[in-house]
Amino acid sequence: MTSRMTHGAGSVPERRYRTSGWLTFAGTLSLVVGAFNIIDGLVALFRDNYYLVGENRILVFDYTAWGWIWLILGIVQIAVGAGILSGKLWARAVGVFFAVVAAIGHLAFLQAFPLWSVLTIAMCVLLIYALTAPPAGTTGR
């Protein structure tokens, strides 16, 4: 019977990261919220009559401006979601910021499409919790 022995001279120590299911959930949720915002943006850009609000104005912007805001915000949130899923610390901080921005934006958009906005605000609140609850140093891998 033979036994194998390896010596530690050529081995590289393996770095172990603590993983967090909340961060994996947050990355996925950021992708979903980003996709919802892209859909909002495209609808506002191409179908002005879809949202039923008088005077074609929501707070201070018209539908074309809101369409571009939602489209850009959605693209950024998808990029942040990919960063969160790949374990980047900057993505957690940026993700909280843009989730707050999206929730405030959907408060302004509430008059145009209430159910969609309330659903997205709830997901933004859950996203903020999922990004801030895990301990420092964990990743979402």
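This is a predicted model: local features need pLDDT of at least 70, side-chain atom pairs count only at pLDDT 80 or more; totals for chains, interfaces and linings use all residues.
User: Which residues does UniProt list as transmembrane region?
Analyst: The unreviewed UniProt entry lists residues 21-45, 65-82, 89-109 and 115-132 under that heading.

User: What does the chain look like over residues 21-45 in the model, helix or strand?
Analyst: Residues 21-45 are 100% helix and 0% strand. The end C-alpha atoms of that span are 36 Å apart.

User: And 65-82, how far apart are the ends?
Analyst: The end C-alpha atoms of residues 65-82 lie 26 Å apart, and the span is 100% helix with 0% strand.

User: OK, packing. What are the angle and axis distance for α1 and α2?
Analyst: Helix α1, residues 21-46, packs on α2 at an angle of about 160°, with the axes 7 Å apart. An angle over 145 degrees counts as roughly antiparallel, so α1 and α2 are roughly antiparallel to each other. Their crossing is left-handed.

User: What kinds of residues make up that contact?
Analyst: The contact of α1 with α2 has 20 nonpolar, 12 polar and one charged residues.

User: Next pair. How do α2 and α3 pack?
Analyst: Helix α2 covers residues 63-85 and helix α3 covers residues 89-108. Their angle is about 150°, and the axes are 9 Å apart. α2 and α3 are therefore roughly antiparallel, and α2 passes α3 in a left-handed crossing.

User: Which residues meet there?
Analyst: From α2, the residues include Trp-66, Trp-70, Leu-73 and Gln-77. From α3, they include Trp-90, Arg-92, Phe-98 and His-106. By class, the contact of α2 with α3 has 14 nonpolar, five polar and one charged residues.

User: Now α3 and α4, what angle?
Analyst: α3 and α4 pack at about 160°, with their axes 9 Å apart. That angle makes α3 roughly antiparallel to α4. The crossing of α3 past α4 is left-handed.

User: Which residues of α3 and α4 meet?
Analyst: On the α3 side, Arg-92, Gly-95, Ala-99 and His-106 are among them. On the α4 side, the list includes Trp-116, Cys-124, Ile-128 and Thr-132. The residues of this contact divide into 12 nonpolar, five polar and one charged.

User: Thr-132 then. Where is Thr-132 found?
Analyst: Thr-132 is in helix α4, which covers residues 114-132.

User: What does the Thr-132 side chain reach?
Analyst: The side chain of Thr-132 reaches the backbone oxygen of Ile-128, at 2.9 Å. Ile-128 and Thr-132 are both among the α4 residues that meet α3.

User: How far is Thr-132 from Trp-22?
Analyst: Their C-alpha atoms are separated by 9.2 Å, although Thr-132 and Trp-22 are 110 residues apart along the chain.

How values were computed:
Residues are numbered from 1 along each chain as its sequence is written. Side-chain values use heavy atoms; hydrogens and water are left out. UniProt positions are given in the numbering used here, feature names are shortened, and annotations may be inferred rather than shown by experiment. Helices (H or I, at least four residues) and strands (E, at least two) are DSSP runs, numbered from the N terminus. A polar contact is a pair of N or O atoms within 3.5 Å; within protein, one must be able to donate a hydrogen and the other to accept it, and residues adjacent in sequence count only if both atoms are side-chain atoms. Axes are lines fitted to C-alpha atoms, for helices over the stretch in contact, and angles run from 0 to 180 degrees between N-to-C directions. Angles under 35 degrees count as roughly parallel, over 145 as roughly antiparallel, 65 to 115 as roughly perpendicular and the rest as oblique. A crossing is left-handed if the near helix is turned anticlockwise from the far one by less than a right angle, and right-handed if clockwise. Contact means heavy atoms within 4.5 Å. Ala, Val, Leu, Ile, Met, Phe, Trp, Tyr, Cys and Pro count as nonpolar, Asp, Glu, Lys and Arg as charged, and the others, Gly among them, as polar.
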